Amino acid sequence: MQKKTIYALGFFDGVHLGHQVLLRQCRRLADGQGCDAGVVTFTTHPDNLVTGKIPALLNTAVDRRFLLHAYGMDRVKELPFDKELMQTHWSVFLEDLVKDGAAGFVCGSDFRFGAEGNGTAKKLEAFCEKRTLSCVVVPQQELDGVRVSSTYIRELIEQGEMEKATAFLGHPHILSGEVVHGRGLGHTIGIPTANLQIPEGVICPKFGVYACKTVIEGKEYLAVTNVGMRPTVNGSHITVETLLLDFVGDLYGKRLYLQFYKFLRPERKFASLEELKAEIQKNAEQVRLFFQ
């Protein structure tokens, strides 16, 4: 028989400091009752249907799942946010979860759910009290007097303020994907880079060069990462190119996790490939110094 589950409710874009308070409460309740800890989230952002305007997200669904499990969740239940779900009465939404094994819920004080957003944290508390289910409502979190929100963190990343974004996320901003073939110019100047594409619907950091860490097949490397159009070689589309320091081997087709720590410089056009190579080598030293 499958264990019952305490569920944290929300979309969890970025899995930031505010979300982590929910996850800790969820874990605490679950451990106290011998349940699994899980989240109920959605495959697409609710705004996609509700307002028709969807923000560029901090994470892909894959990266969001990775972070939720990393923060101690046993189960990640992803529901398709379609018209049927959007029009479901809030109490029916909760009853369906209880039938599926929910033993309690955790949500933020501003959480809205169900048809027309009529479900509120207060209604969730009343629902749980009536059915003797566990319930915790977490107040809005602040850091240095600023509300912790995915919206604010997106602004920081678009401005290249990675150190501040890390503080609000509670972890570095991550981007993962399979290494794809580029134009091979890095190899020609003796600086082979791994190329990633920004997934559709995911935020693009400010164009420029970053101090990163890269995890590949469980091993961590320091990295210099360029996000942008590669003006020195007349690039025509946005690329994410990362140079793994002290790595030897073939990366094509492998999944790479990039962690962004610090913005080093804006992207710019160099007079020659030699000048570009010298600058990348200088950036590599900056990365080593930063992580020392």
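The following legends describe close-up views of a predicted model.

The structure is a predicted model in which local features need pLDDT of at least 70 and side-chain atom pairs count only at pLDDT 80 or more, whereas totals for chains, interfaces and linings use all residues. Residues are numbered from 1 along each chain as its sequence is written, and side-chain values use heavy atoms, with hydrogens and water left out.

View 1. Five strands form an open sheet with parallel pairing, in the order β3-β2-β1-β4-β5. Its edge strands, each pairing on one side only, are β3 (75-79) and β5 (134-138). The twist from one strand to the next averages 20°. Helices (H or I, at least four residues) and strands (E, at least two) are DSSP runs numbered from the N terminus, and two strands pair if DSSP finds at least two bridges between them. Axes are lines fitted to C-alpha atoms, for helices over the stretch in contact, and angles run from 0 to 180 degrees between N-to-C directions. Strand β2 (residues 36-42) pairs with β3 in the parallel sense over five bridges, and Phe42 stands opposite Leu79 in β3. Helix α5 (residues 90-99) packs on the sheet and touches β1 (5-9), β2, β3 and β4 (102-108); the direction of α5 makes about 135° with that of β4. Contact means heavy atoms within 4.5 Å.

View 2. Six strands form an open sheet with antiparallel pairing, in the order β8-β13-β10-β11-β12-β9. The edge strands are β8 and β9 (194-196), each of which pairs on one side only. On average, neighbouring strands of this sheet are turned by 35° against each other, direction ignored. Strands β10 (residues 208-216) and β11 (residues 219-228) pair in the antiparallel sense over nine bridges; Tyr221 in β11 is the bridge partner of Thr214. Helix α10 (residues 273-291) packs on the sheet, touching β10, β11, β12 (239-244) and β13, and its direction makes about 95° with that of β13.

View 3. Arg265 lies in strand β13 (residues 255-265). With a relative accessible area of 10%, Arg265 is buried; buried means under 20% relative accessible area, exposed over 50%, and partly exposed in between (1.4 Å probe, protein chains only). Leaving aside neighbours within four places in sequence, Arg265 is in contact with Gly208, Val209, Phe270, Glu279 and Asn283. The side chains of Arg265 and Asn283 are joined by a polar contact of 3.1 Å. A polar contact is a pair of N or O atoms within 3.5 Å; within protein, one must be able to donate a hydrogen and the other to accept it, and residues adjacent in sequence count only if both atoms are side-chain atoms.

**View 4. The buried side of helix α3.** Asp63, Arg64, Leu67 and Leu68 are buried in helix α3 (residues 61-70). They cover an arc of only 135° around the axis, which puts them on the same side of α3; the arc is that of the directions from the helix axis to the C-beta atoms. An α-helix has 3.6 residues a turn, so residues three or four places apart point the same way. The buried residues of α3 pack against α1 (17-33), β2, β3, β8 (173-178) and β13. Gly72, with a positive phi near 95°, follows α3.

**View 5. Cysteines without disulfides.** A search of the whole structure finds zero disulfides, a disulfide being a pair of cysteine sulfur atoms within 2.5 Å. The closest cysteine sulfur to that of Cys35 belongs to Cys26, at 9.5 Å, too far for a bond. Cys35 counts as buried at 9% relative accessibility. Cys212 is likewise in no disulfide, and the nearest cysteine sulfur, that of Cys204, is 13 Å away. At 0% relative accessibility, Cys212 counts as buried.

**View 6. Two loop residues with positive phi.** Val15, although not a glycine, has a positive phi of about 45°. Val15 is located in the loop between β1 and α1 and counts as buried at 0% relative accessibility. Glu116, also a residue other than glycine, has a positive phi near 55°. Glu116 is found in the loop between β4 and α6 (121-130) and is exposed, with a relative accessible area of 76%.
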